[in-house]
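Here is a short report for a reader new to this structure. Keep the sequence and the 3D view at hand.

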Amino acid sequence: MTDRALRLGTRRSKLAMAQSGQVAEAVSRVTGRPVELVEITTYGDVSREALAQIGGTGVFVTALRDALVRGEVDFAVHSLKDLPTTQPGELALAAVPVREDPRDVIVARDALKFTDLPRGARIGTGSPRRMAQLNAYARTHGLDIETVAIRGNVDTRIGYVHEGRLDAVVLAAAGLNRIGRIDEVTDFLSVDTVLPAPGQGALAIECAASDADLVAALGELDDPHTRAAVTAERSLLAALEAGCSAPVGALADLLIDGPVVKEMRLRGVVGTTDGSRMVQQSTTGSVPLTHDGAMALGRELAAEMLAQGAAGLMGERAH
């Protein structure tokens, strides 16, 4: 039965369906087998509560993982930033494909840039991490903004701007790229202004750890540099004992000299959502060649940040 269609578990949102469809095509190419999408509703899709209130961690992932464990789907695609940092033993993170643009972006009225928004501008986001960094930037650069907590899909969020209820919303560049709406962006936020969520822009492809053939086939889509980067970022998040809705930003980028990848720089930030207190640190080292090496890089930076008082800025820490 090796020619039967592989069942790919995906959330029902437009973005999830788009990125799962792209993965399905790639998996078909490497396996020679058709792939069918199985739509699964997660708690994060049906709850109207703010993500920070329902814990963030795993709310978009648990139902997909349950379907995998029950054998209802063969593999699943997640936005990697939604994955809890602890990997269940029965599931394998078989592939982390090449990362999309990890930056956050602004979609603002009148095609405005972030720094050109009027005084008192209302900026919508559901992310404490984005709130903390936008408010910190505004404080240090004399801008007057109000961050407003919102939920909803891309259409809903951009709709708030078109309806005049908000002056701007913050979204992930990767998501807009994947659904073909990147031309609606009015400003790309430099990672020096807003560090993305750990793993932002990357996808995670999971399957049963016991299915060695499928683990190997999906592994064809793995990008070692992306995996090393997101492993370091997620190790930082785990060592801070923070869930994926905590106000933590992290980005590991490669320092490249011509064709040679020289080093990896890991940056991390934690802040209060009003932007009044921030801990920002970075470390640079050789590119980790192993999972343990990438984990160590994240733990090392987390230790420095905790020594600077990061724990006190995160509110309720994950347990």
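## The model

This is a predicted model.

## Helix 1

Helix 1 covers residues 14-31, which makes 18 residues. At 1.5 Å a residue, helix 1 should span 26 Å. Its end C-alpha atoms are 25 Å apart, so the two values agree. Just after helix 1 comes Gly32, with a positive phi of about 75 degrees.

The buried residues of helix 1 are Ala16, Ala18, Gln19, Ser20, Val23, Ala24, Ala26 and Val27. They pack against several strands: strand 1 (6-10), strand 2 (35-39), strand 3 (75-79) and strand 10 (203-208). Helix 6 (173-178) and helix 7 (212-218) are also packed against by these buried residues.

## Ala204 in strand 10

Strand 10 holds Ala204. The relative accessible area of Ala204 is 0%, so this residue is buried.

Beyond its neighbours within four places in sequence, Ala204 is in contact with Ala76, Val77, His78, Leu80, Leu83, Leu93 and Ala95. Ala204 and Val98 are 106 residues apart in sequence, yet their C-alpha atoms are 10 Å apart in space.

## Helix 8 against helix 9

Helix 8 (residues 224-239) packs with helix 9 (residues 291-307) at an angle of about 40 degrees. Their axes are 7 Å apart. The two helices are therefore oblique to each other. Their crossing is right-handed.

On the helix 8 side, the contact includes Ala228, Thr231 and Leu236. On the helix 9 side, His291, Met295 and Arg299 are among the residues met. By class, the contact has eleven nonpolar, four polar and one charged residues.

Terms used:
Residues are numbered from 1 along each chain as its sequence is written. This is a predicted model: local features need pLDDT of at least 70, side-chain atom pairs count only at pLDDT 80 or more; totals for chains, interfaces and linings use all residues. Side-chain values use heavy atoms; hydrogens and water are left out. Axes are lines fitted to C-alpha atoms, for helices over the stretch in contact, and angles run from 0 to 180 degrees between N-to-C directions. Helices (H or I, at least four residues) and strands (E, at least two) are DSSP runs, numbered from the N terminus. Angles under 35 degrees count as roughly parallel, over 145 as roughly antiparallel, 65 to 115 as roughly perpendicular and the rest as oblique. A crossing is left-handed if the near helix is turned anticlockwise from the far one by less than a right angle, and right-handed if clockwise. Contact means heavy atoms within 4.5 Å. Ala, Val, Leu, Ile, Met, Phe, Trp, Tyr, Cys and Pro count as nonpolar, Asp, Glu, Lys and Arg as charged, and the others, Gly among them, as polar. The expected span of a helix is 1.5 Å times one less than its number of residues. Buried means under 20% relative accessible area, exposed over 50%, partly exposed in between (1.4 Å probe, protein chains only).
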